[in-house]
Amino acid sequence: MKKYRIASILMIIHGAFMEIGGCLCLIPIFIMSSDKFDINQYFSFIVPYFQNNMNLMLIMGAIYGIVRIIGAIGLWKNKMWGLVLSIINCTITMALMMFMLPAGIMDGILACSALIVILVQYFGDKKIIQE
């Protein structure tokens, strides 16, 4: 149970500060957009589509952050749906992190750490083949 709480905290940090917090920090930049300030010079992604559609990236990041926090709360409350949603979130993040470089590195560290902690808690000392 304690390890689920650790994973939940990792996911809340990831969802609240990195995903939602990052989106909220960029909103004033888009509102005050001028010719002098180009957001693309400070944030770059490996996929040009992401780079060219930063406003869509904000929306996507906020959605991921909210869903990640919902899964973390379910995991914190020891709910099976929270466990499943958290595993889905971590797995999807692992698949997408390579397309989101350089930000994907931190995504990967947090999501992979949470997934490892969840799996260690869920499976414990069970062996693959029981003798």
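This is a predicted model: local features need pLDDT of at least 70, side-chain atom pairs count only at pLDDT 80 or more; totals for chains, interfaces and linings use all residues.
## Cysteines

The count of disulfides in this model comes to zero. The sulfur of Cys-90 has its closest cysteine sulfur in Cys-112, and because the two lie 7.9 Å apart, they are too far from each other for a bond, given that a disulfide requires sulfur atoms within 2.5 Å.

## Helix α3

Helix α3 covers residues 54-76, which makes 23 residues, and its span from the first C-alpha to the last is 32 Å, close to the 33 Å expected at 1.5 Å a residue. Its buried residues include the glycines Gly-61, Gly-65, Gly-71 and Gly-74, and among them are also Met-54, Met-57, Leu-58, Arg-68 and Ile-69. An α-helix has 3.6 residues a turn, so residues three or four places apart point the same way.

Just after α3 comes Asn-78, whose phi is positive, at about 60°.

## Thr-93 and its surroundings

Thr-93 belongs to helix α4, which is made up of residues 80-96, and is buried, with a relative accessible area of 6%. The side chain of Thr-93 reaches the backbone oxygen of Asn-89 at a distance of 2.8 Å.

When residues up to four places away in sequence are not counted, Thr-93 touches His-14, Arg-68, Asp-107 and Ala-111.

Notes
Residues are numbered from 1 along each chain as its sequence is written. Side-chain values use heavy atoms; hydrogens and water are left out. Helices (H or I, at least four residues) and strands (E, at least two) are DSSP runs, numbered from the N terminus. The expected span of a helix is 1.5 Å times one less than its number of residues. Buried means under 20% relative accessible area, exposed over 50%, partly exposed in between (1.4 Å probe, protein chains only). A polar contact is a pair of N or O atoms within 3.5 Å; within protein, one must be able to donate a hydrogen and the other to accept it, and residues adjacent in sequence count only if both atoms are side-chain atoms. Contact means heavy atoms within 4.5 Å.
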